Amino acid sequence: MKLDMVIAGVGGQGILSTGSILAVAAIEHGLNVKTVETRGMAQRGGRVYMHVRISDIPVHSALIPMGHAHCLLAMHPEEGGTHLLYLRGDGCVIVNTELPPDMMHHGDLAAALAHYNGMARTEVPAMTHARASGSPRSANLVMLGAASRTTSIPSACFEIALQQRFGAKGDAVLASCYKAFHTGRELGAPQAKRLNGGDLT
Amino acid sequence: MNTVLLLGNEAVARGALDAGLSCAYGYPGTPATEAIEYLLNTATVNNDGAHCEWTANEKSAFEAAAGASMAGRRALVCMKHVGVNVAADALVNTAVTGVRGGLVLLAADDPSMHSSQNEQDTRYYAKLAQIPLLEPIDVQQAYAMTIEAFDMSERMELPVIIRLPTRISHARGGVVPRESQAQNAATRPPDPTRFILVPFYARKHWARLTAKSSELLAASEQSPFNSYRPGTDTSLGIVAAGVAASYVNDCLADRDMDHPVLQIGHYPIPDRLLLELTATCDRLLVVEEGAPIIETVVRHLCANGGPEVLGRLNGSLPRNGELTPDDVADAVTGTRQPRPLPPAVPGRPPTLCKGCPHIRSLAFVQKAMLGFPNGQVFSDIGCYALPLIPPESQPGTCINMGASISMAKGCRDAGIQPVLAIIGDSTFTHSGMPPLLDIVCANAAVTVVILDNGTVAMTGGQVSSSRNRLEAICGGLGVSPAHIRVVQPSEAAHAANVAIVTEELMFDGPSVVISRDPCIHDVPAKGAQ
């Protein structure tokens with residue numbers, strides 16, 4: 001399989017940890033992975049993005065060329081739009097439609113979502129699902145769950161990656177992380193069918 | 001061993017540990033910070049007590065590493081590219097003395113200036129110091145190169161630089177760690193005159209260094225990190241260095257192209273391999289991250305009737321900024337793919353965090369300066385420089401660590417008054433103390449406002465070297481205790497603080513105003529208040 005994913009949003013949304021968990025899960029599944037991310041000044045409320053490249057053959061560059069990404073994971077609907085040039089024509093968008101109040105976008109949600117018109121997209125109200133999972137801060141894990149469907153990586157590998165990252169915080173925290181992830185994974189099901197028929201088997 | 005996911009910086013740190021690291025030093029700076037962070041989190045646990053710490057500045061870090069190396073131990077020193085400027089005196093002269101234990105410098109370059117004031121290329125320093133430099137193609141190779149760098153450093157008795165651009169420093173990849181080596185024993189140097197660079201000895205050491213140039217070149221020509229890959233399509237040959245080689249490899253693989261490629265990861269530039277390529281191909285494309293260093297050499301080699309040379313200098317690749325896979329694909333294919341414009345989304349320039357004490361400190365300083373329309377404000381490197389950009393566009397400067405204080409003095413000497421320097425506590429202990437001493441010695445009328453949040457906030461909140469000793473430092477440098485004013489930047493104290501800064505601006509001599517409030521992210525310091 002080969003999967004190029006761009007994760008985009010703003011500092012504080014857990015973008016780097018989302019991409020890292022995905023990368024660890026890919027390694028657990030025996031795949032090659034490279035990622036690259038923005039750090040430093042970008043994190044002070046600025047734009048943050050991460051490129052994740054997963055493949056069963058060696059990956060050379062960590063940066064994804066334009067028009068190559070199979071999936072755009074838009075943690076922030078407006079910021080995701082600025083990365084559309086990386087998406088393939090047949091790629092899919094998974095977009096978060098809820099943001100914490102201090103990350104409110106400049107324009108309105110409908111205008112931001114209009115950037116993705118005509119594209120295969122899944123809208124995920126990630127905050128609502130995160131709260132329902134008992135962990136309001138794990139909206140990024142809901143999004144990760146939805147995005148996980150674009151890969152052939154089994155759930156068990158994601159659970160190992162989540163365990164590595166959150167295991168030290170105790171069983172209750174870990175359980176809510178699993179729950180947030182699996183909720184998202186159900187929401188991402190339509191993408192699985194679509195992409196697994198193509199590049200991803 | 002299992003594959004572990006590491007950042008490029010962490011891969012260098014992990015490689016150093018597995019190579020038997022004894023001591024590591026550095027000063028925080030994006031994109032280099034995570035190497036020392038990784039060691040602080042793991043070194044003492046996993047490696048029999050490797051000594052690791054942040055130092056006051058990069059020069060101090062490099063010299064501490066040189067001392068550990070002199071004692072026969074392996075030492076790593078980590079900094080961003082502009083930090084190498086600060087450490088340059090030590091770097092260049094440590095090449096002259098030579099090293100005992102392996103001494104490796106991780107220099108993180110920042111093309112495109114994601115978090116820096118320039119795009120300078122550390123490869124120039126390797127040339128200047130006459131030492132080897134390694135530049136990995138990816139994170140896994142960063143790990144392997146680090147282990148080799150320590151061996152090479154001991155074999156050649158020279159410091160070795162590992163250069164990571166942002167796209168390796170902040171890339172992640174799977175690394176398969178090797179078995180850790182034991183540390184070297186600490187021993188005193190058998191020939192102490194090696195470390196004496198008075199001219200009597202220095203001439204001998206300098207001659208020994210310059211005599212190594214052929215050994216350095218031979219090593220890079222035989223290096224596994226420099227490889228020539230023949231190709232059937234010799235209409236174009238490609239020289240690809242470091243991370244840029246990864247873009248070339250992807251581009252050729254994606255398009256089933258088969259051009260000869262010389263991949264370079266070990267410097268000095270392997271001339272013989274370059275000549276092989278220039279003799280084979282009709283045109284040559286040089287793809288390197290940073291300055292056109294290899295390209296300049298290739299242009300000289302091809303100057304008289306050789307193949308046409310393409311690169312940053314003829315516009316085949318952008319002259320400035322980091323390369324992208326798309327820039328490289330355009331140069332390889334000789335086309336220009338359209339760059340679709342993203343939707344117009346308002347920018348998100350980095351700003352001070354909500355509730356940051358710098359906001360209130362800058363407010364009373366700028367208010368006081370309103371009373372002196374002919375005055376000049378200088379600022380420095382740190383979070384507090386963020387309001388210099390729009391929409392705030394506050395007056396000030398931001399050039400290099402510590403420059404606010406010394407430039408304020410020069411500006412005052414030149415006839416502008418009053419002058420005021422704004423500097424953070426960590427930037428002050430990094431490079432602001434000697435300039436403050438100059439002000440004291442000259443009894444110059446300069447007001448220095450030290451924004452003391454106790455941390456190196458911009459790089460993640462490392463503890464500042466000045467913590468709990470700032471007044472003592474300023475007093476010790478000779479500032480009169482009556483003109484070391486400590487204030488709290490609260491809303492309630494705004495008017496009083498304006499009055500204090502105004503008083504000191506009117507004082508005809510050196511003065512320091514310390515505005516103290518912990519960084520909002522520094523929870524332990526907040527708790528201690």
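**Close-up views of chain B**

Figure 1. Among contacts (heavy atoms within 4.5 Å) between residues at least 6 apart in the sequence of chain B, 77% link residues at least 24 apart. This is a predicted model in which local features need pLDDT of at least 70 and side-chain atom pairs count only at pLDDT 80 or more, while totals for chains, interfaces and linings use all residues. Residues are numbered from 1 along each chain as its sequence is written, chains are lettered from A and ligands numbered from 1 in written order, and side-chain values use heavy atoms, leaving out hydrogens and water. You will find 19 helices and 21 strands in chain B; these are DSSP runs numbered from the N terminus, with helices (H or I) of at least four residues and strands (E) of at least two. Of its 529 residues, 58% are buried, meaning under 20% relative accessible area, with exposed over 50% and partly exposed in between (1.4 Å probe, protein chains only).

**Figure 2. Three domains of chain B.** Domain 1 covers 4-211, domain 2 covers 227-333 and domain 3 covers 357-516, with bounds from an automatic or database domain assignment. Taken over C-alpha atoms, the centres of domain 1 and domain 3 of chain B are 33 Å apart. Their contact takes 13 residues from domain 1 of chain B and 12 residues from domain 3 of chain B.

**Figure 3. Two cis peptide bonds in chain B, at B:Pro31 and B:Pro418.** As a reminder, most peptide bonds are trans. The bond from B:Thr30 to B:Pro31 is cis, with omega near 10°. Look for B:Pro31 in the loop between strand S2 (21-26) and helix H2 (34-46) of chain B. The bond from B:Gln417 to B:Pro418 is also cis, with omega near -5°. Here the loop that holds B:Pro418 runs between helix H15 (403-413) and strand S16 (419-424) of chain B.

**Figure 4. Two serines with positive phi, B:Ser112 and B:Ser393.** Most residues other than glycine have a negative phi. B:Ser112 has a phi of about 80° and sits in the loop between strand S5 (103-109) and helix H5 (123-129) of chain B. With a relative accessible area of 30%, B:Ser112 is partly exposed. For B:Ser393, phi is about 50°, and its loop lies between strand S15 (376-378) and H15 of chain B. B:Ser393 is partly exposed too, at 43% relative accessibility.
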